[in-house]
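Subject: Structure handover

Hello,

Here is the structure I said I would pass on, with notes on what turned up in it. Please have it open while you read.

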Amino acid sequence: MTTSETDQGDRRRRILAHLQVRPGAPADLAGRDTAWTGGGDFDHLSSDELDATAKSLLHEGIDQLKDAQELLWATDRYALLVVFQALDAAGKDSTIEHVMSGVNPQGVQVVGFKKPSSEELDHAFLWRIAKNAPERGRIGIFNRSHYEEVVALKVHPEWLEAQRLPPGDRGPQFWADRYEDLNAFEHHLVRNGTRIVKFFLHVSKAEQKRRFMARLDNPDKQWKFNPGDVDVRAEWDQYMAAYEEALTATSTPWAPWYVLPADHKRVMQAMAAAVIVDEITALQLQWPTVSDADRERNAAARARLLAEPD
């Protein structure tokens with residue numbers, strides 16, 4: 001390994017360690033810079049240089065992810081679940097679109113969890129989540145996820161009534177129990193071969209407003225704007241407090257959270273790609289081997305093909 005490759009590896013590990021919520025430690029969302037670009041050499045780049053560098057790193061990550069996903073598919077032993085959570089306009093959709101742009105669509109499934117159906121409300125809250133977990137060999141993406149159960153519902157506990165839960169207090173212990181359920185569910189998935197990466201896209205309130213205004217001021221983008229998002233924005237502090245508590249309670253050794261600074265979309269996308277590639281690489285997968293019997297059959301098939309007239 002060259003000195004340059006060693007330096008790049010060290011830089012990558014430093015950045016990913018900075019992004020991860022260390023299990024047992026506070027998420028410290030208030031103390032994290034939503035415009036952080038990686039520190040070190042990146043701090044000295046101009047805006048144009050930063051954008052060009054981020055695009056280059058993103059394309060590199062997309063190529064690496066293409067190969068990693070093919071290996072995941074070929075071995076058919078593990079699955080990868082990627083969870084995206086964020087406030088509105090943080091860039092979930094565009095990050096999924098760009099980061100996954102190079103992979104085989106047959107090996108990826110994207111699920112967005114919205115208001116539960118009547119059937120889903122007749123089951124425990126994790127039922128619909130378990131149903132949509134990715135099968136072996138595939139990458140599953142949750143565009144919003146089971147964490148709405150401890151974020152949106154914590155801000156709006158009146159929404160719990162639709163779940164018709166047994167009577168009981170809905171205070172701190174109720175939410176602690178839900179965090180425990182989430183951790184146990186994810187531990188079950190990991191023990192059975194589904195690796196989990198969780199991203200919180202951390203956008204600033206000022207940048208969210210800028211993106212909202214950009215949509216409203218562009219007639220071709222107004223379809224992307226939901227007036228209800230302004231109502232959620234008015235509850236910014238409550239949502240951030242709910243996320244702080246949830247990320248702190250559920251960043252575990254088996255399913256850690258990564259807080260991606262979201263004010264610079266290209267930088268965020270490059271970071272997301274790097275984390276996903278590292279997670280698959282850590283599995284140390286090997287291409288499937290061919291048995292002696294299959295090799296003999298392949299040789300016979302090759303001979304038949306060669307014997308065909310042109």
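Asp51 is partly exposed, with a relative accessible area of 33%. Its side chain meets that of Lys55 in a salt bridge, 3.5 Å from N to O. Lys55 is partly exposed as well, at a relative accessible area of 35%. Both Asp51 and Lys55 belong to helix α2, where they sit four residues apart, about one turn of the helix. Please note that this is a predicted model.

Helix α2 covers residues 47–75, and Glu60 is also in it. On the surface, Glu60 gathers with Asp63, Asp67 and Glu70 in a patch of negative charge. The relative accessible area of Glu60 is 37%, so Glu60 is classed as partly exposed.

Another salt bridge joins the side chains of Arg178 and Glu149, with 2.7 Å from N to O. Arg178 lies in helix α7 (residues 172–191), while Glu149 is in the loop between β3 (139–143) and α6 (152–155), so this pair ties together parts that are 29 residues apart in sequence. Are these two side chains on buried or exposed residues? Arg178 counts as buried because its relative accessibility is 4%, and Glu149 counts as buried at 7%. The cut-off for buried is under 20% relative accessible area.

Helix α12 (residues 292–307) holds both Asp292 and Arg295, three residues apart, about one turn of the helix. Their side chains meet in a salt bridge of 2.9 Å, N to O. Asp292 counts as exposed, with a relative accessibility of 58%, whereas Arg295 counts as partly exposed at 44%.

Now the protein as a whole. Its secondary structure comes to 12 helices and five strands. The C-alpha trace spans about 75 × 55 × 45 Å along its principal axes. Of the 310 residues, 45% are buried. The protein exposes about 17000 Å², and carbon and sulfur atoms supply 51% of that area.

How many side chains carry each charge? There are 38 positive and 48 negative side chains, and the centres of the two sets lie 2 Å apart. As for contacts between residues at least 6 apart in sequence, 82% join residues that are at least 24 apart.

Regards

Terms used
Residues numbered from 1 in each chain as written. Predicted model: local features only at pLDDT ≥ 70, side-chain atom pairs only at ≥ 80, totals over all residues. Heavy atoms only, no water. Patch = residues over 30% accessible without salt bridge, like charges linked within 9 Å, V, L, I, M, F, W, Y side chains within 5 Å. Areas by Shrake-Rupley, 256 points an atom, 1.4 Å probe, with all protein chains shown as cover. Salt bridge = Lys/Arg side-chain N within 4 Å of Asp/Glu carboxyl O. Lys, Arg positive; Asp, Glu negative; His and termini not counted. Charge placed at Lys NZ, Arg CZ, Asp CG, Glu CD. Helix = DSSP H or I, 4+ residues; strand = E, 2+ residues; numbered from the N terminus. Buried < 20%, exposed > 50% of the residue type's maximum accessible area, 1.4 Å probe, protein only. Contact = heavy atoms within 4.5 Å.
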